[in-house]
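Hello,

As promised, I am handing over the structure we talked about. Please have a look at it first, and then read on for what I found.

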Amino acid sequence: MFPWSPEFAWDATHIAFFGALYSVLATVALTLAVAAWRARRDAREGRAAAIAWHGDFHEMPASARACRHQLTGEAPGRVCENGFDCRHCAEHPHFEELRRHDATPDHADHFGFDLPLDRLYHRGHTWVRPEADGTLTVGLDDLARRLLGTPEKVELPRAGDRLEVNGPAGRVTTRGKEVRVLSPVEGTVVEVCGEGPSATLRVDPGGLSDLRHLLSGAEARAWALRELERLQRAIGSSELGAALADGGELVDDVGAALPRDRYDALLGDMLLEP
Amino acid sequence: MDERLVARGLTRAPFGRFLLWLVPWAALLGVGLYAAYLCLAVGLNQTNMDNRFAFGLWIYLDLTVIALGAGAFFTGFLLYVMKRRELAAVINSAVVIGFICYSGAVAILAIDVGQPLRFWYTFWHPNVHSMLTEVTFCLTLYLTVLAIEYLPLVLRNRQLKTRPSMLVFEFELHKVMAVFALVGTFLSFFHQGSLGGLYGVLQGRPFAYRGSFLAWPSTFFLFILSAAAVGPSFVLATTWIVSKVSGRSLVKPAVFELLARVSGSLLLVYVLAKSVDTLVWINHTSFQLGVHPASFYAFAPFGTWALFTEIVLLGLVPALVLALPRSRRDSRLLVPAAFLACAGVAVNRFVMTVQTLALPTLAFDSFLSYTPSWQEVASFLAVVAYGVILYSLSFRYLNLFPQERELAAAPEV
C-alpha cells in the first residue's frame, strides 16, 4: 500500500505511525469478529434464553433485585447478582444457616390474594409443587393471575418442550400488552392442563430436582409482602392503593384500573421483564 | 402507534406530537442537504472561503463538536477502564452524542474537502507529512468504534431484543466493550492532539505557533486536555437539556456531581496549563518569531478581552464552580458552569481557527474578515438538525438513561 505512495519511506517513524494505526484497525476488526463468532456459538448452543434473562435481570432496578435474605432480614440491603438463582450463589448457604427457621404454617395464607404454602414460589410469580411421581407441577400464582386479568392470548409450551430455570415458560398478551412468564424449574413438559392463566404444566425434571432457588414458608410470606409493597408503589395511591393498604381483596383484573402505559410497566415490574 | 418499540416503563410523548417535533428539524436538514449538494456539485465557490481564509465556519465547528464529543470516549474510559460504575447512567447517551458529533464532523469534512468519491485516497495515498492524515485515520476509525458502541443500544430495543440472534450479538458485543473503550481513548487522544498540533506547527502564523514539548507543540496537549475536560460537562449539559425538554428525571444528582467533579478537576489543570502556555508564548515564543504579542490584540474585534474571556470567564470560573463541592451541589450554579465550560472550548477553537487566519502575518498583509455564506451556515445547521433527529429517535426508542425508569416510579410509600 504505502510503498506506492510517493512520499512514503521505509523509516522508523513511518512504520511506527502507520503500524500503530493499522494495529488499531486490526484490533477493532478482530474484536468485532470474536464477538460475532461467540454470538454464533451462543445461538448454536441455545444460550439465547439465558442471555435474555441476564440482560433483563441487569436492567431491573436494584430495588427489584432484592436478595431473598434481605426479605427475611439476614442480609439487609443485599442485592442479588445471580439472577435469582441461589444454586449458584456462594453466600446462600451461609445466609441459610443464619436464618431462623420458623415453624411453617400448613394453612393457606392471604395477603389480598391467595398464597397457599404447600408449594414453592419463584420470584417471577410462578409456583412449583413436587408431586409423588417425581414430576413438578408449575403454575402462575394468584397475584400474577389477577395482574393478567382475562388475557387475549396465552402461549404455553407444548408437551415435549424443554424448560430452563429463568427461561421462558410462556407468553401472555393482555390488554394489548405482551409479557413473558419465567420458568421456575428445568425439565421437560409432559402435560399441559387447562387453558389461560390458570393452566398448569407438569414437568419431568429428569431426576432429582434442585429447588433451592425457590421460596417457601416464611420466606414466601416475606416475599409476598414485599411484592404487595412493590405493587402498591407501582400503581400509586389513587386507583387501587386503598384496597391494598387496608387489607382488602386485590381486584381480579388489576389492569382494568390502570392507564395502558402504567399497566405495561407494572406487568414488566412484577413478571420481571423490564 | 409505536408503543411496542418504546422500552417498557418509559413514558414518551404521543406519536403525533413526536412527529410534529421532528418536522422543523427535517426541514432544516432538507435545506442543508441542498446547500451541501451545491457545494459538492458546483464547487467551493459556494462558500466565502478563499486561499487565504481556507479554514472557516466548517472547520471551526468541526473542531468544536469533536471536542464536545470527547464526552463519549472519556465517559467510556472512566466507566470501562477506571470502573466508575455510576457513569453507566449516562454512557448510552454519551455514546449517541459522540456518534452524532463525529459523524456530523466527518460529513462536513467530506463537503469541505470535496471529491467524496475519492475519499479512499487519503488511506491509499496518505500524505505522510500532514497531521491531517493522522486526524483522518483517527476520525474514521473512531467513528467506526462509536458505531460499534452504538450498536448494542440499538439491539437492546424492545422489539429487536426479542430476536435471539440480535440478543446474543448484543451480549457478546457488550462483553468486549472495554476493548473498544480503550481503542476509543487511544484514538481520541491522538486525533484531539493532532488537531491542536496542526495549529501549533504553523510557523508562518505566529499567533498560533507554539514551541515543542517532547515531539509535539504544546497545543497538542492542550487540545487533548481541554476536550477531556469539557466532554463530561457536555454530557452533563445535554442530559440536563433532554431532561428539561422531555420533562423527566433521567439521572440521579450524584451522577451530575461526579461528571462535574471530573470536568472541574481537569478544567483546572487545563486552565493552569493554558495560562503557562500563554505566558511562555507572550514572553518568549512571539518575540522569538519577531512579533510583539500586543500586536495580535490590536485588531478589533479581537482585543485582549478574547483572551480574558477564554481563560478566565469560560475557563477558570466554570472550573472552580465544578471543582468545589459546595457549588457543584447547587444546580443553579452547576448547570450554567457546565454550559460555560462548553462555551470555553468553542471560544478556544474559534480563536485558534478564525482569529489565527484573520490576523496579518506579514508587513504588507491586512486584517482579513470573513462571513460564512448561507450554504456554509445551512450545511452546518443540517448537521445540528441531523443530531437532534437522531438523538430524538434514540431517546424515544432506546433506553438511553437506565435510571429513568426507576426515577419515574412512584415515590416510596
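Why is strand β9 (residues 177-182) of chain A largely enclosed by the rest of the structure? The reason is that 5 of its 6 residues are buried, where buried means that 20 or more other C-beta atoms lie within 10 Å of a residue's own, exposed means 12 or fewer, and partly exposed is in between, with C-beta atoms placed from the backbone. Strands here are DSSP runs of E with at least two residues, helices are runs of H or I with at least four, and both are numbered from the N terminus.

Before going further, a note on the source: this is a predicted model, in which local features need pLDDT of at least 70, side-chain atom pairs count only at pLDDT 80 or more, and totals for chains, interfaces and linings use all residues. Residues are numbered from 1 along each chain as its sequence is written, while chains are lettered from A and ligands numbered from 1 in the order in which they are written.

Back to β9(A): it runs antiparallel to strand β8 (residues 168-174) of chain A, and 5 bridges join them (strands pair if DSSP finds at least two bridges between them). Thr174(A) has Lys177(A) as its bridge partner. The hairpin has 2 residues between the strands, and Arg175(A) takes a positive phi near 50° there.

Two other residues also have a positive phi. Phe84(A), not a glycine, has a phi of about 55° and sits in the loop between α3 (68-71) and α4 (92-98) of chain A. Phe84(A) is buried, with 23 other C-beta atoms within 10 Å. Lys83(B) has a phi near 60°, but Lys83(B) counts as exposed, with 9 C-beta neighbours inside 10 Å.

Now to where the chains meet. In all, 36 residues of chain B are in contact with 35 residues of chain A, contact meaning C-beta atoms, placed from the backbone, within 7 Å. On the chain B side, α7(B) gives the largest share, 8 residues.

The largest nonpolar core has 139 residues, and Leu68(B) and Cys342(B) are among those that touch the most other members. Such a core is a set of buried Ala, Val, Leu, Ile, Met, Phe, Trp, Tyr and Cys residues joined through C-beta atoms within 7 Å. A second, separate core of 42 residues includes Phe113(A) and Tyr263(A).

Finally, look at Pro301(B): the peptide bond from Ala300(B) is cis, with omega near 5°.

Best wishes

Methods: Two residues are in contact if their C-beta atoms, placed from the backbone, lie within 7 Å.
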